[in-house]
Amino acid sequence: MTRLLITGNGAAAWGARLSGCEYLPAFPITPQTEIIETMAKWIDRGTIDCRMVTLESEHSMIAAAGAAAAAGVRVFTATSSQGLLYAMEMLYTVAGWRAPFVMVNVSRGLASPITLEPDHNDIFAARDSGCIQLHCSTCQEVLDCLIIAYRLAEDSTIRLPVIVNLDGFYLSFTREPVVLPDPERIKEFLGDYTPENLGFKNKQPLSEAVAVLGGSAYSYFRYQAHLAALNAEKVFSQCANDYDHLFNRNYHTVENYRTADADIVFLMIGSFATKAKEAVNRLRDAGKPIGLVRPIMIRPFPEESLRQSLNGKKAVIIVDQNLAPGFGGVLYREVAAALYQSPGITPPLLSYVGGLGGRDIAINEFFAMVAEAEQTADSKIPPPPRLLYTSKELKDIQKMQLLAQVKIETGEAL
Amino acid sequence: MYRIRFHGRGGQGMKTASRILGSALFIAGFEVQDAPRYGAERRGAPIFAYVRAAKEAINERGIITNPDLIIVADETLIPMPSVHLTAGATADTIMLIRTAENADIWQKRLNFRGRILAFAPSIEITNPEHQHYIGIACASGAAALIKQLSWNHLEEAINAELAEHPQRVIDQNIRYARIAFTSQSEGPKIAEGTPVGINDTSPPLWINLEFAPAQISAPAIHAAKTSVEVKTGLWRTHRPLIDRQICHHCWWICSTYCPDGAIQVAADGSPQIDYDHCKGCMVCLSQCPHHAISATPENEFNNAQEKGTQS
């Protein structure tokens, strides 16, 4: 067993390498990541048999990825933040083609203002594209989920692109121990890509630029993509089970950490969820029955698993690392919607927005959220949604505003 | 868990330092997490990197707010408030500063609660060409203070982390590593930090963020004045100095090439460098036709002044 210190970017590249990716379309400039750099090095040295093509934008990159998948090769690509947004038009398009490939997104806050650190508004912008979404919390999970993602993408009951999401800095640049699975056993797990009735050639043309008018045909195709996405929840469980048998690492669409006897649970996704795990352990040290519910799968939304996880809890603390202006935390609303039609499973939900643009969530803030949840468990009335933000942070921003010549009292520039 | 934070500047090898220390700890049987953190991706900008190491799985992530060991690669970072050098330090924290001055001076200047160790740069590393070896010195000094690491762990980590470099580069690193490791091997033992429990913290001072009109709350910078007020001179690792004996007063060359407009011209036609804003890019040095401009490490410029070169 090889166990190495690898970054999230490195783990993603290893995942693509072990999956036998044959074609790598890439926009090579910022906000591209070391994932492509690592793959390029392997290709250059002949370590992997893969064709890399650099495209002039993420938009073209996704078009190339979809087209190559439709041509019958196993495709991998990657982007981040603004790049994902630039690719958005083609993401919907290739999902509509039902072209199976795997893409990594390294989550970072979106402009404006410009920042570099993690935030989930980029990946959440792709929620309705038709792509399956898996959200990772460790570098090991990046590698494992990426391999499982190929099984999902290529499954005949799904056949959709899969996006594997990892957080900028907190995973992408962070090294931690990662077990590299045996390549032969990965081959056994994945098998070859069988493009079904795709795989177009000169003699066997295929048109993907299909136009349908009137709405009825459009409804059919769009809803079929929805039904296919829904299948991914069950298929993930089967694949994860196979993966566990081969590699002894166990994944679920929703991870339940110390939840069995928990009264109050955190609900978080991504790398910040491991910070919640730390807080859970410390709260457990103090005898408090707290747990963590962590969806790995966000599309399809694992409603049934979440209902089971949250059934009987006295309060649920949902921390959104995203913000929909005029709406609030997206995950909070999605969980609320999933529970609304479930009689008997309606624990009070506490909504916090934290970690925007990589803003740290300190351990005392986890403790404070639990204190508010304990009150809510008694009163059944959750506090209003809250941005995790301290008086010191406001003072710091006021100093910056002075430097930027913003006159605080009147708002007029000096 | 050991929580170790490195502070330095881009180009001084802080990321490599954190990785070498991380690898050494991993080889020694620890679970490890290491990562760099930078804002402006450019040479000379402050960066930091951190290493966590524990015998069990690590769930903490991100910036270390309660360091057991702080390593300062470059003492010129100390006046920069944005660097937050001492953030989270307690009486148990050890700070290792690469400085020619003695520890007591820094202990007083910084009013530091923990213990400060001074760590004299080896003569060779004061050469600007060897700036990128500062990292290996820092990693090795830190390794020596973690008594659970041996020289062999460190050497194996250096060989692994630098495997893609030519042998002479690896050898040079090992040479510097040996000097730094030996210099700190008699130093105090770093104490492993404990988990942060619910009785170890006070509640966060949360506020409800109130609405502010866009005139205030839009992220705009008004007026060009701000570039005067931001003292970018603190970014320098090296200071360009003009030798007045050699300068031919062809001021239009250096002042035109200066990308920051930080070279003004005095009434007598002599170029004057505005050190409040000069970022130390050394474009002037490379453009000066008479080689009248030299680069001096920032922490030594006072000596250079005494030798009669320009302030």
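**Notes on helix 1 and chain B**

Helices here are DSSP runs of H or I with at least four residues, and strands are runs of E with at least two, numbered from the N terminus.

Housekeeping: this is a predicted model, where local features need pLDDT of at least 70, side-chain atom pairs count only at pLDDT 80 or more, and totals for chains, interfaces and linings use all residues. Residues are numbered from 1 along each chain as its sequence is written, chains are lettered from A and ligands numbered from 1 in the order written, and side-chain values use heavy atoms, without hydrogens and water.

Next I checked the length of helix 1, residues 14-27 of chain B. Its 14 residues should span 20 Å at 1.5 Å a residue, and the end C-alpha atoms are 20 Å apart, so the two agree. The expected span is 1.5 Å times one less than the number of residues.

Is helix 1 of chain B covered or open? I found it mostly covered, with 11 of its 14 residues buried (under 20% relative accessible area, 1.4 Å probe, protein chains only). Among them are B:Met14, B:Ile20, B:Leu25 and B:Phe26, and also B:Arg19.

Then I zoomed out. Chain B has 10 helices and 10 strands, and buried residues make up 50% of its 311 residues. I noted a box of roughly 65 × 60 × 40 Å for its C-alpha atoms, along the principal axes.
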